[in-house]
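Here's a quick tour to read alongside the viewer.

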Amino acid sequence: MAPTTAEVVICGAGIAGIATAYHLTRQGVTDVVLVDERPPLSLTSDKSTEGYRNWWPGPGDAMVAAMNRSIDLLEELARESGNVFRMNRRGYLFATSDPARVPRFVTAAEEAAALGAGRARVHATASSDYRPAPPDGFEEQPVGADVITEPTLIRRHFPYLADDTVAVLHTRRCGWLSGQQLGMHMLERARDKGLRLMAGSVEKIATAGGRVSAVTVSGTTIATPRVVNAAGPLVARVGRMLGIDIPVSCELHAKIAFADTLGAMPREAPMLIWTDPVRVAWTDEESRALATSRPDLLEEIPPAVHGRPEGGGDSPIVLLLWTYHLDPVEPVFPLTFDPAYTELCIRGMARMVPAFARYAERLPRAVVDGGYYTRTRENRFLAGPLPVEGAYVCGALGGHGLMASSVAGELVASHVTGRPLPPYAPAFTLARYDDPAYRALLERWGATGQL
């Protein structure tokens, strides 16, 4: 029987909605209904690269502080569950062939340290005490960042990188995990405490006296004093049901997965990110053909092509990504992708890891999938109350949904229950846009931290 009352209704069963439900039940709110017309985690959350990092730019330390808290929560879950979602701490490895970028790596590491990401270490001699990351686990690993500028040290630890690599930046409180396993673990724990799932489409959010009174789901009305908008790429649409403009846009991001039968990607590699623009090395014949059919592919393509090995044990799977179109779009399903995307990713990654060039003559059969990054202008998520009493949002997590969902869900739950909030909480509320100083800051924001 469909529920007719609830203390909280959550719209959206992606990682944001599930994390919110999990933290609400942890904070004692057990009469929660989680609504989605699709199975949990199946719209965008299961299309993630599944990475996490505390490596974020300013202004201010709010993003780093929030991500450190989120990673703390992920590590707690990993310990409690026996690491069922296979969290590792391999780090993110940014690499460059541009000597002008080397001092920027050092500056970035020092600035991140000042924001709370951990100590910056520069390794400029072959005898330096750089400590590589183990392939598995996350305990007792360094934080901060290592900048390696000594060629011998780079070749010793990363012999698969392009010969002209002049520096690498290894950010350490970073890695990846199984998003599906993480989400299902939180979902089952929340269900153990009373969470109810409801299949259906949110049609209406009713208010009475200026506050939330009910949510209608596929013709069934649920009386409730609180609703959480965790609708992922549809967060703005659900916001309009309350007459609220949620200032987000969507970008289509994709990734490819294929069996690396030629062994181009070392299985112990960290997340690999090439920070330089790339001009793909087409043959003369290919260039002539592209000049008429796809001249855009002959141009220099912006950073940052990146990828990682996927799966444990003997898995041969590799994930590659390269987002070269960032125009805002309206979310439309089913998704369509650039037919050249697979070849571009592989050829682009060959600039960083030359062994991938061996696939140029015969491309592997790859699976292309992806989803919408739903983001605010400055790429900071929304987790807190909305202008209608009893309404909350947990969204705009595009590009960092899995890594930030734990802290975002905890923040929303704390707003609902009235628990004390951390100092960084105001940085993630919709009300930040009411502050003239913040609006002025937006005009000179700078880097957003998106890959």
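How much space lies in the largest cavity? About 40 Å³, going by this predicted model.

**The cavity**

- The count comes to one cavity of 30 Å³ or more.
- W56, P57, G58, M63, E378, N379, R380, W445, A447 and T448 line the largest cavity.
- Sorted by class, that lining splits into five nonpolar, three polar and two charged residues.
- N379, one of the lining residues, sits in the loop between β18 (367–375) and β19.
- N379 isn't a glycine, yet it has a positive phi of about 65°.
- Is N379 buried or exposed? Its relative accessibility is 2%, so it counts as buried.

**The second largest pocket**

- The second largest pocket holds about 800 Å³ of space.
- It's lined by 26 residues, and the closest to its centre are W55, F94, A447, G449 and L451.
- A447 also turns up in the lining of the largest cavity.
- Helix α3 (residues 102–115) gives the largest share of the pocket lining, with six residues.
- By class, the pocket lining has 15 nonpolar, six polar and five charged residues.

**Around strand β15**

- In a regular strand, side chains alternate between the two faces of the sheet.
- Strand β15 (residues 271–274) is covered on both faces: M271 and I273 are buried on one side, L272 and W274 on the other.
- β15 pairs with strand β4 (residues 92–96) in the parallel sense, over four bridges.
- Here L93 is the residue opposite L272.
- β15 is also joined to strand β16 (residues 306–309), this time antiparallel and by two bridges.
- L272 has G307 as its bridge partner in β16.

**The six-stranded sheet**

- There's an open sheet of six strands with mixed pairing, in the order β9-β2-β1-β13-β20-β19.
- N229 has V393 as its bridge partner in β20.

**Helix α2**

- Helix α2 (residues 62–81) has 20 residues, which at 1.5 Å a residue should span 28 Å; the end C-alpha atoms are 29 Å apart, so the two agree.

**Backbone spots to check in the viewer**

- Going from G58 to P59, the peptide bond is cis, with omega near 10°.
- P59 is in the loop between β3 (51–53) and α2.
- A304 belongs to the loop between α7 (284–293) and β16.
- A396 is another residue that isn't a glycine but has a positive phi, of about 55°.
- You'll find A396 in the loop between β20 and α9 (401–417).
- With a relative accessible area of 3%, A396 is buried.

Terms used: Residues numbered from 1 in each chain as written. Predicted model: local features only at pLDDT ≥ 70, side-chain atom pairs only at ≥ 80, totals over all residues. Heavy atoms only, no water. 1 Å grid on protein atoms, 1.4 Å probe; cavity = no way out; pocket = protein on both sides within 12 Å on 5 of 7 lines; lining within 4 Å. Points joined across faces, edges and corners; volume = space filled by probe spheres on them. Nonpolar A, V, L, I, M, F, W, Y, C, P; charged D, E, K, R; others polar. Buried < 20%, exposed > 50% of the residue type's maximum accessible area, 1.4 Å probe, protein only. Pairing = 2+ DSSP bridges. Expected span 1.5 Å × (residues − 1).
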